[in-house]
Amino acid sequence: MSFATVFRVFCRPASRFQHLNNLRNLNVSKRLSNVQGCNRVSAFRFYTTEVDPDDPRTVPENEWEKRLTPEQYAVTRERKTEEPFSGSYLNHFEKGTYHCVCCDAELFSSDAKYDSHCGWPSFFEAAGTENGDESHTHILRRPDNSIGMVRTEVICKNCDAHLGHVFNDGPEPTGQRFCINSLSLKFKSYRP
């Protein structure tokens, strides 16, 4: 996020939330009010209506509909699932990296891809995982009880795009099976 965007979001007059600002601790406002040009300072970010081209989380849904195909939009923004054994990356084993179709964040490496015979591209770990630590990856996990069963959804950390699900029945070394929709991915091959 650019400095200009941070400045607009945090230092613009917050007339709609004035009553909330009055309830906050004045010490926070005093510490932050030294920023030049701020009339009123909000210590917390509630929302922004401004679209920042560098921040995919601020892109409105109608813009996602323009950028993505109808199938990609249904999977990534409406959390649908592509038909099993229909994805373009199911039997794709070229060397490279798989990126988010919405924001281009690197998600998975071809080195972690394997054939799980489940009908979707499968990976045993996300790109950037270090000794089981996913804090440096571009994915998030969250509970999903949408179809009457307990699962763990995988979403893109940058743009909240639905990618697929992760299960604990994968191969060593992690025991994880990331079942990812091909429609939520784009592939970039390694260039020598």
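This is a predicted model: local features need pLDDT of at least 70, side-chain atom pairs count only at pLDDT 80 or more; totals for chains, interfaces and linings use all residues.

**Aromatic rings and their surroundings**

Author: K113 lies over the face of F93, with 4.2 Å separating the charge from the ring centre. R67 is likewise placed over a ring face, that of W64, at 5.4 Å from the ring centre.

F108 belongs to strand β2 (residues 106-109) and F123 to strand β4 (residues 122-123), so the pair ties together parts of the chain 15 residues apart in sequence. F108 is buried, as is F123. Ring pairs extend beyond these two residues: they link Y89, Y98, F108, F123, F178 and F187 into a cluster.

The surroundings of F123 include an arginine. R177 is in contact with F123, and its other contacts beyond four places in sequence include Y114, S116, C118 and S122. Further along the chain, R177 also touches H165, V166, F167, D169 and G170. R177 is part of strand β8, which spans residues 177-180. Although arginine carries a charge in the sense used for rings, R177 counts as buried because its relative accessible area is 13%, under the limit of 20%.

The surroundings of F108 include an alanine. A127 touches F108 and, again leaving aside residues up to four places away in sequence, E106, L107, S109 and T137. A127 lies in the loop between β4 and β5, the latter covering residues 139-144. Its relative accessibility is 11%, and A127 therefore counts as buried. From A127 to L107 the C-alpha distance is 5.4 Å, although the two are 20 residues apart in sequence.

The cysteines call for a separate word. The number of disulfides is zero. C100 takes part in no disulfide, and the nearest cysteine sulfur, that of C159, is 3.6 Å away. For C156 the closest cysteine sulfur belongs to C103 and is 3.5 Å away, which is too far for a bond, because a disulfide requires two cysteine sulfur atoms within 2.5 Å. C100 has 0% relative accessibility and so counts as buried. C156, with a value of 0%, is buried as well.

The part described above belongs to a chain with five helices and nine strands. Read from the N terminus, the order of elements is α-α-α-α-α-β-β-β-β-β-β-β-β-β. Of its 192 residues, 42% count as buried, among them F108 and F123. Contacts between residues at least 6 apart in sequence join residues at least 24 apart in 54% of cases. The chain exposes about 11300 Å², and carbon and sulfur atoms supply 51% of that area.

Terms used
Residues are numbered from 1 along each chain as its sequence is written. Side-chain values use heavy atoms; hydrogens and water are left out. Buried means under 20% relative accessible area, exposed over 50%, partly exposed in between (1.4 Å probe, protein chains only). Helices (H or I, at least four residues) and strands (E, at least two) are DSSP runs, numbered from the N terminus. Contact means heavy atoms within 4.5 Å. Rings of Phe, Tyr and Trp (its six-membered ring) pair if their centres lie within 6.5 Å; planes under 30 degrees apart count as stacked, over 60 as edge-to-face and the rest as tilted. A charge sits over a ring if NZ of Lys or CZ of Arg is within 6 Å of the ring centre and within 35 degrees of the ring normal. Accessible areas come from the Shrake-Rupley method with a 1.4 Å probe; for residues, only the protein chains shown count as cover.
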